[in-house]
Amino acid sequence: MLTDLECSACGRRSAVGADEPWRCACGSPLDFADLPVPDGPVPDFADLDTRRGLWAFDDFLPISPTVTLGEGFTPLVEAPDWDAAFKLEYVFPSGSFKDRGATTTLSRAAELGVERVVEDSSGNAGAAIAQYAARAGVDAEIYVPASAKASKLAAIRRVGATPVPVEGTRQAVTDACVERVEEGDGWYASHAWNPAFFAGTMTFAMEVAAQRDWRVPDAVVLPVGHGTLFLGAYRGFRALLEAGWTDSMPRLLGVQAAGYAPLAEALHDPVVGENDVADGIQITQPVRREQILAAVEETGGDVVALDEAPVEAELDRLHRAGFYVEPTSAAAPAGLRAYRERGDVAPDDDVVVPLTGSGLKT
Ligand SMILES: [Zn+2]
């Protein structure tokens, strides 16, 4: 049984199928009309089938596990120098947390009988969709900026997907991809638009809670571009609360890159400077902006923007502590430092920070 799609803004329902719309007629992103809520008691960690990876939580998902590479249950480790716990989201088959959304998105595409998926991404999301499309035996076209590094194009090609370089701005890349979708030649496996992607990123919250014996942290500090992980975390913690598996919500504290910080600027004064180190979160128009701001407000959270210098310094600290991550991954732990200085995180707060992408790719 496929779950209907519903507009996040106007509530209009859309029929599902291989030719389903990628957004509402009003222009807003679609979400699943209903998400399943498991009944029954809270399981002990030992009762979870962690051999199924993040699919151990499929009672919360409107999707069946048909396309999987065994992803999930990334390590949650103590990081004493940060007085926090790091969730090592770079320990995934394609080297980033985007696999959470790629496994659910390609599983749904397979369920719908989709023959070709398209995605626009200059980095981790494109690699994840390409690899899971290979696993599914589905064609994939990944629209990338013409300036994308040869190594990234090679990674897409090596798994049998087709990179499509587009000249111009990042928006031009998205526009070309959307044009392809509108022509009816591909199903939009977008990490910004596709609700299946956000169903997958919900499992971040479920793993964190399970690994802490269902004790929710006081705060989670996350990088924010399109909010793929941020919103997934919000939805996951909310679903756990509704199921009665947990009894509180964490404060969700977002971190953006200066110069690309529309959410931080909606909440604070404009940020000066430009951060080109955290290149994975250079998003000026997040598709789900209103949903992210609502999640911030509801959890008593916030979003701040960071300049290059603190992110670069943090990347060095991470590497020297044995966390070999890509530069964008340093934004969240650097953000934790900023939140502490501002007094938004207290010394005795229990904090979890995801490290989102592997340094082996860069
Ligand atoms: Zn609508």
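Start by selecting Phe204, Ala205, Met206, Val208 and Ala209 in α6, which meet Leu229, Ala233, Gly236, Phe237, Ala239 and Leu240 in α7; contact here means heavy atoms within 4.5 Å. Those residues split into 10 nonpolar, 1 polar and no charged. For that count, Ala, Val, Leu, Ile, Met, Phe, Trp, Tyr, Cys and Pro are nonpolar, Asp, Glu, Lys and Arg are charged, and the others, Gly among them, are polar.

Before going on, a word on what you're looking at: this is a predicted model, where local features need pLDDT of at least 70 and side-chain atom pairs count only at pLDDT 80 or more, while totals for chains, interfaces and linings use all residues. Residues are numbered from 1 along each chain as its sequence is written, and side-chain values use heavy atoms, with hydrogens and water left out. Helices (H or I, at least four residues) and strands (E, at least two) are DSSP runs, numbered from the N terminus.

**Stop 1: around α6**

Show α6 and α7 (residues 228–243) as cartoons: they pack at an angle of about 55°, with their axes 6 Å apart. Axes are lines fitted to C-alpha atoms, for helices over the stretch in contact, and angles run from 0 to 180 degrees between N-to-C directions. The two helices are therefore oblique to each other (under 35 degrees is roughly parallel, over 145 roughly antiparallel, 65 to 115 roughly perpendicular, and the rest oblique).

Why is α6 largely enclosed by the rest of the structure? Because 8 of its 9 residues (203–211) are buried, where buried means under 20% relative accessible area, exposed over 50%, and partly exposed in between (1.4 Å probe, protein chains only). Glu207 is one of the buried residues. Now step just past the helix to Asp213, which takes a positive phi of about 55°.

**Stop 2**

Select the whole open sheet next, 6 strands in the order β4-β5-β13-β10-β11-β12 with mixed pairing; two strands pair if DSSP finds at least two bridges between them. At the edges are β4 (76–79) and β12 (302–306), each with a single partner strand, so one side of each has no neighbour in the sheet. From one strand to the next, the twist averages 25°.

Zoom in on β10 (residues 219–223) and β11 (residues 251–257), which pair in the parallel sense over 5 bridges. Pick Val221, and you'll find its bridge partner in β11 is Leu253.

**Stop 3: the other sheet**

Next up is an open sheet of 4 strands, β8-β7-β6-β9, with parallel pairing. Its edge strands are β8 (162–166) and β9 (187–188), each pairing on one side only. Here β6 (residues 116–120) and β9 pair over 2 bridges, and Val118 has Tyr188 in β9 as its bridge partner. Helix α4 (residues 170–182) packs on this sheet, touching β6, β7 (139–145), β8 and β9, and its direction makes about 160° with that of β6.

**Stop 4: a lysine to finish**

Is Lys149 buried or exposed? Exposed, with a relative accessible area of 59%. Lys149 sits in the loop between β7 and α3 (150–158). Draw a distance from its C-alpha to that of Pro29, 120 residues apart along the chain, and the separation is 30 Å.
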